[in-house]
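Me: I have a structure open and want a quick tour. Can you walk me through it?

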Amino acid sequence: MVLKLHSAPVGVGGAGLVALVLAEKQVPFQFVEVEMAKKQHKTPEFLAMHPFGQVPVIDDDGFTLYESRAICRYIAEKYPHQGTKLVPTGLQARALFEQAASVEFANFYPALTKVAMESLGKQRQGLPVDQAVLDAALVELSAKLDVYEVILSKQKYVAGNELTIVDLFHLSYAPLLAGAGIDVMTKESRPNVTRWWNELISRPTWIKVKEEGIKGTVN
């Protein structure tokens, strides 16, 4: 049976990451739309797949899995020789990969979330942005990116010189900031971060997911 991706149709956040990895690995999938406005993610049937009632969820021939980073790892490791290689092999390379994954989740993502919630989140809710809160969040995120600049001055990607799913994890919400007038990912003072970021957002797979949303590759 073909893999099923249960999610809202918008190609951002965790669902967008899963769709991106599926595209990079050239894995066909069926998209099953979850209508969040109708609370379909809170039905007993959906909660049987995801007890927290969130998206995305995959069903791979009866094997269900939730949490986008776990799903991306599963896909990348199930198809190691198909499409783009996204998980390294070898003890030391894998250790550096896990290190980078921890950095993204514990440092970059929390700082990014504060910026996104105060800017994009408030705007979508029709609430006024607290500029002081936003400025403080931007200072925190910029400090993290200053460290990224040091890391990326020594290697091409965050886990070494090969692209991995950890690089792709950074595409969850950060690309939306530029559209909100927040240009934090491409600063002249951080040329290596800018180089890395421009490469990520120029990947054809990402451009397609961003423009088309999430669409299955099989009916």
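**Walking through the model**

Reply: Start with Leu 65, which counts as buried at 19% relative accessibility. The cut-off for buried is under 20%. Keep in mind that this is a predicted model.

Me: OK. Where does Leu 65 lie?

Reply: In strand E4, residues 63-66.

Me: And what is Leu 65 in contact with, leaving aside neighbours within four places in sequence?

Reply: Val 57, Ile 58, Ala 70, Ile 71 and Tyr 74.

Me: Tell me about His 50. Which loop is it in?

Reply: The loop between helix H2 (44-47) and strand E3 (57-60).

Me: Is His 50 buried or exposed?

Reply: Buried. Its relative accessibility is 1%, and anything under 20% counts as buried.

Me: What does His 50 contact, sequence neighbours within four places aside?

Reply: Pro 56, Val 57, Tyr 66 and Glu 67. Take Tyr 66: it is 16 residues from His 50 in sequence, and their C-alpha atoms are 6.4 Å apart.

Me: Pro 56 is on that list. What kind of peptide bond joins Val 55 and Pro 56?

Reply: A cis one, with omega at about 5 degrees. Pro 56 sits in the loop between H2 and E3. His 50 is in that loop too.

Me: Buried or exposed, Gln 26?

Reply: Exposed, because its relative accessibility is 56% and the cut-off for exposed is over 50%.

Me: And the phi of Lys 39?

Reply: Near 60 degrees, again positive and again in a residue other than glycine. Lys 39 is placed in the loop between E2 and H2. Lys 39 is exposed, with a relative accessible area of 53%.

Me: Now helices. How do the axes of H1 and H3 cross?

Reply: At roughly 5 degrees, and they come within 9 Å. H1 covers residues 13-24 and H3 covers 68-78. That crossing angle makes H1 roughly parallel to H3.

Me: Which residues make the contact?

Reply: From H1, Gly 14, Leu 17, Val 18, Val 21 and Leu 22. From H3, Ser 68, Ile 71, Cys 72 and Ile 75. Ile 71 also came up as a contact of Leu 65.

Me: How do those residues divide into nonpolar, polar and charged?

Reply: Seven are nonpolar, two are polar and none is charged.

Me: What does UniProt list for residues 1-83?

Reply: The record has "domain: GST N-terminal" there, from an unreviewed entry. In the model, the chain over residues 1-83 is 33% helix and 22% strand. The end C-alpha atoms of that stretch are 20 Å apart.

Me: On to H4. Where is its kink centred?

Reply: On Met 117. The kink is about 40 degrees, and H4 spans residues 91-124.

Me: Which residues of H4 are buried?

Reply: Phe 97, Ala 100, Ala 101, Glu 104, Phe 108, Ala 111, Leu 112, Val 115, Ala 116, Glu 118, Ser 119 and Leu 120.

Me: What covers them?

Reply: The cover includes H3, helix H5 (131-152), helix H6 (165-169) and helix H7 (174-179).

Me: And just after H4, which residue takes a positive phi?

Reply: Gly 126, at about 70 degrees.

Me: Last one. Where is Leu 134 found?

Reply: In helix H5. Leu 134 is buried, with a relative accessible area of 7%.

Me: What is Leu 134 in contact with, sequence neighbours within four places aside?

Reply: Val 115, Glu 118, Ser 119, Val 129 and Ile 182. Val 115, Glu 118 and Ser 119 are among the buried residues of H4. Ala 116 is 18 residues from Leu 134 in sequence, and their C-alpha atoms are 8.9 Å apart.

Conventions:
Residues numbered from 1 in each chain as written. Predicted model: local features only at pLDDT ≥ 70, side-chain atom pairs only at ≥ 80, totals over all residues. Heavy atoms only, no water. Axes fitted to C-alpha atoms, helices over the stretch in contact; angles between N-to-C directions. Helix = DSSP H or I, 4+ residues; strand = E, 2+ residues; numbered from the N terminus. Parallel < 35°, antiparallel > 145°, perpendicular 65-115°, else oblique. Contact = heavy atoms within 4.5 Å. Nonpolar A, V, L, I, M, F, W, Y, C, P; charged D, E, K, R; others polar. Bend = angle between axes of the 7 residues up to and from the residue. Buried < 20%, exposed > 50% of the residue type's maximum accessible area, 1.4 Å probe, protein only. UniProt positions renumbered as here; feature names shortened; annotations may be inferred.
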